[in-house]
Amino acid sequence: MKLALAPLVLLLISPMSMSSAAAQTDDPEAEAQAAIQRSEAAREDAVREAMSFSAAEEEVFWPLYQDYRAEMQTLQQREVDLAFAMVETYQELSNAAADDLLDEWLSLTGSRNAVKGRYIARFREILEPRRAARFIQVDNKLDAIVAFDAAQTMPLVR
């Protein structure tokens with residue numbers, strides 16, 4: 001079954017893509033937070049549609065999913081903070097500041113992988129292995145869409 005595109009299109013309103021729209025508002029961080037909330041709702045719709053859970057699966061999946069996304073949202077907030085720091089300094093970034101940004105990016109990548117690893121084990125406990133694998137595929141596709149969108153709007157360091 002193909003992953004539905006309608007909910008995924010909504011995900012293109014990622015926090016990073018809001019940087020240009022947010023720059024036009026009085027409170028870009030508030031706009032980024034609103035974008036995160038919209039993308040989370042679209043993400044949940046996409047997971048729901050792609051997984052077609054039975055009632056029994058829904059009962060055990062969604063509470064664990066909510067815990068998983070809460071941890072990932074904490075990391076996403078760090079990414080938003082990093083993006084704002086990058087946008088503010090990309091034209092005159094010192095080598096020391098660039099090192100700090102690289103270290104934070106590596107830390108975020110490691111943290112994301114650690115959270116995914118912990119939760120994959122937990123999803124395997126409540127779903128059949130093929131269903132758990134399908135969920136991780138869907139989750140990775142959604143992450144890739146958001147990352148692609150963010151990359152399109154992020155200026156390159158000069």
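A crossing of two helices is called right-handed if the near helix is turned clockwise from the far one, and left-handed if it is turned anticlockwise, by less than a right angle. The legends below describe a predicted model.

**View 1. Helix 3 and helix 6 meet in a right-handed crossing.** The axes of helix 3 and helix 6 come within 10 Å and cross at roughly 145°. Helix 3 contributes Arg43, Ala46, Val47, Ala50 and Met51 to the contact, while helix 6 contributes Arg131, Arg134, Phe135, Val138, Asp139, Leu142, Asp143 and Val146. Sorted by class, the residues of this contact between helix 3 and helix 6 comprise eight nonpolar and five charged, with no polar ones.

**View 2. Helix 6 (residues 129-153) and its buried residues.** The end C-alpha atoms of helix 6 lie 37 Å apart, which agrees with the 36 Å that its 25 residues should span at 1.5 Å a residue. Among the buried residues of helix 6 are Arg131, Phe135, Val138, Asp139, Leu142, Asp143 and Val146, each of which also takes part in the contact with helix 3. Ala132, Ile136, Asp149 and Ala150 of helix 6 are buried as well.

**View 3. Helix 3 (residues 28-51) packs against helix 4 (residues 55-89).** Their axes are 11 Å apart and form an angle of about 150°, which makes helix 3 roughly antiparallel to helix 4, since angles over 145 degrees count as such. Helix 3 passes helix 4 in a right-handed crossing. Residues of helix 3 including Pro28, Ile36, Arg43 and Val47 meet residues of helix 4 including Phe61, Trp62, Tyr65 and Phe84. By class, the contact of helix 3 with helix 4 holds nine nonpolar, six polar and seven charged residues.

Technical notes: Residues are numbered from 1 along each chain as its sequence is written. This is a predicted model: local features need pLDDT of at least 70, side-chain atom pairs count only at pLDDT 80 or more; totals for chains, interfaces and linings use all residues. Side-chain values use heavy atoms; hydrogens and water are left out. Axes are lines fitted to C-alpha atoms, for helices over the stretch in contact, and angles run from 0 to 180 degrees between N-to-C directions. Helices (H or I, at least four residues) and strands (E, at least two) are DSSP runs, numbered from the N terminus. Angles under 35 degrees count as roughly parallel, over 145 as roughly antiparallel, 65 to 115 as roughly perpendicular and the rest as oblique. Contact means heavy atoms within 4.5 Å. Ala, Val, Leu, Ile, Met, Phe, Trp, Tyr, Cys and Pro count as nonpolar, Asp, Glu, Lys and Arg as charged, and the others, Gly among them, as polar. The expected span of a helix is 1.5 Å times one less than its number of residues. Buried means under 20% relative accessible area, exposed over 50%, partly exposed in between (1.4 Å probe, protein chains only).
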